[in-house]
Every structure is written in C-alpha cells, then in structure tokens.
Amino acid sequence: MRTLAHTKHPHDDAPDTAEAFRRLAALPPGEERDRVRQDIVSAWLPMADRLAGRFRNRGEALEDLRQVAALGLVKAVDRYDSTRGAAFESFAVPTITGEIKRHFRDHMWTLHVPRRVQDLRGRVRLAYQELSHSVGGRAPTVAEIAEKAGMTEEEAVAGLEALDSFTALSLDAELPGTEDGYTLVDALGGPDPALDVVVDREAVKPRLRTLPEREQRILYMRFFRDMTQSSIAEDLGISQMHVSRLISRCCSRLREDIMRDAA
C-alpha cells in the first residue's frame, strides 16, 4: 500500500495529503479506505493540536481541547470534497476552530449567555488585555475598550458583564472580607408575604366602593383599625351578632365578585 507523502507546502507546515484524499474518494467502504482515512487524520493531528493550543488558559484542560480538536479534524476529513479544488487546510481550520468554540459555548458556560454576548465577551477580553499594557497601570475604561474593540459602549458593558458569567460562585462560598463565615446565601432575600397582601388589596379596593357606606365603615374599623366586633357594635349602636353577620356577608360577596371576575 502506498504511504502518505509528507512534503511540505511552500508557505506553511501542512502535510501534502492531496493524493491521499483522491484515493480516499475513490475507495469503497472497507478496511483499506479506513486505513487511508486514519493516515490522513494522523498526518493532520499536529495542526489540530496547534489550533487547540490557541484556546489554552480559558478554563479547560489542554488535553480535553486536543480531543475536541481531533473530533473536529475527523469531521473535516469526512466532509472534505477534494473535487472542489480548495486546499484541505482552508476547510479544516474553520471546522476545527468551530468545533472548539462550540465546545466552549455548549459545555463550559455555567450560566446561559446568548451567542451574541459570548462574542462580545471574547472581543472585550482581547481589547482589555491589550489595553492593560498601554494605559499606565490602571484598568481600561469602558470607552477605551469600546473604541479598541470597535463596538458601542453598551456592547462593551455587556461584554464586561459576561466576563464573570463563564463560571459561577457557590452560594456556600464565604464572601471576601468576612471572618464570620458569612456566605452569599446569607445575603439573599426570601419570599415576602406582603406581596400577596398587595395583590389582594388591589383586587378588593374597587369592590369595597360598591358596598353600602355602613358596611364600608364596619370593614374599615375591623380590618384597618383592628377593632373588635364588640367595639364596632358599641360604636354603631347595633348588636355584636349583627356586626358579625354583616362582616361575613360582605366578605362572601367580595370573594364571589373577585372569583367571578377572575374566571
């Protein structure tokens, strides 16, 4: 079986596999075709490793990135059509790079961030790194980052916010500057039962105005002034039993009206 030619291209270090791709396209499925395919993948693995190295120090192990790049290389070999005349490297590089970026987008973000914001984050990160060496020991401003990255200040702000979205802080992590074990979860609020009261009051308010004046006064004294039924009866000169019946009847009417409107 003919071995792969490893002559170099004049302007890069890509292996010359043009003949191997022609053989691959002509071979039927079988062991020989699998061997040629494997030889092509092996010849291009160094390039895939170099592409993976561009993404090091971004929160993912280099070995894992190499595996993702190798997967992208296999996809590129299987999808490449040598009859179109384009060099394999011009097809393989974006395919492998896209596979690595897809890996970061789908598997590395702790929080879901829209694709557009992820792209802004990358541009902002590069601009921030470049400006950090030229602004005299201070942090670059939003305006400087926006100008450097060629975007609006609003987009720069969105990108800066996304810099902290790649990983998440545990709620049980102790907050910086605290010595008493105070964690992020201790700073979070809880459900406010008063919110339900607000909804109920707003629903009842317009219907209270439809009640007779005396019933409105009784409900006001009972639920807003917190007076007892005996005190209300004495104030109005009626029996406590009558007050109790009026309160019960008004509440039932209001409840029925609200439930009917809601239905």
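**View 1. E215 in helix α9.** E215 sits in helix α9, which runs over residues 213-223 (helices here are DSSP runs of H or I with at least four residues, numbered from the N terminus). This is a predicted model, where local features need pLDDT of at least 70, side-chain atom pairs count only at pLDDT 80 or more, and totals for chains, interfaces and linings use all residues. Residues are numbered from 1 along each chain as its sequence is written, and side-chain values use heavy atoms, with hydrogens and water left out. With a relative accessible area of 7%, E215 counts as buried (buried is under 20%, exposed over 50%, partly exposed in between, using a 1.4 Å probe and protein chains only). Leaving aside residues up to four places away in sequence, E215 touches L246, R249 and C250 (contact means heavy atoms within 4.5 Å).

**View 2. The largest nonpolar core.** This core holds 26 residues, and W44, F88, I96 and I100 have the most contacts inside it (a nonpolar core is a set of buried Ala, Val, Leu, Ile, Met, Phe, Trp, Tyr and Cys residues joined through side-chain atoms within 4.5 Å). Two or more residues each come from α1 (18-26), α2 (31-53), α3 (62-79) and α4 (88-108). The top giver is α2, with nine residues. Apart from this core lies another one, of twelve residues, including I218, M221, M227 and C250.

**View 3. Around I100.** Not counting residues up to four places away in sequence, I100 touches L51, A52, F55, L65, V68 and A69.

**View 4. L188 in its loop.** Look for L188 in the loop between α7 (153-162) and α8 (194-208). L188 is partly exposed, at 47% relative accessible area.
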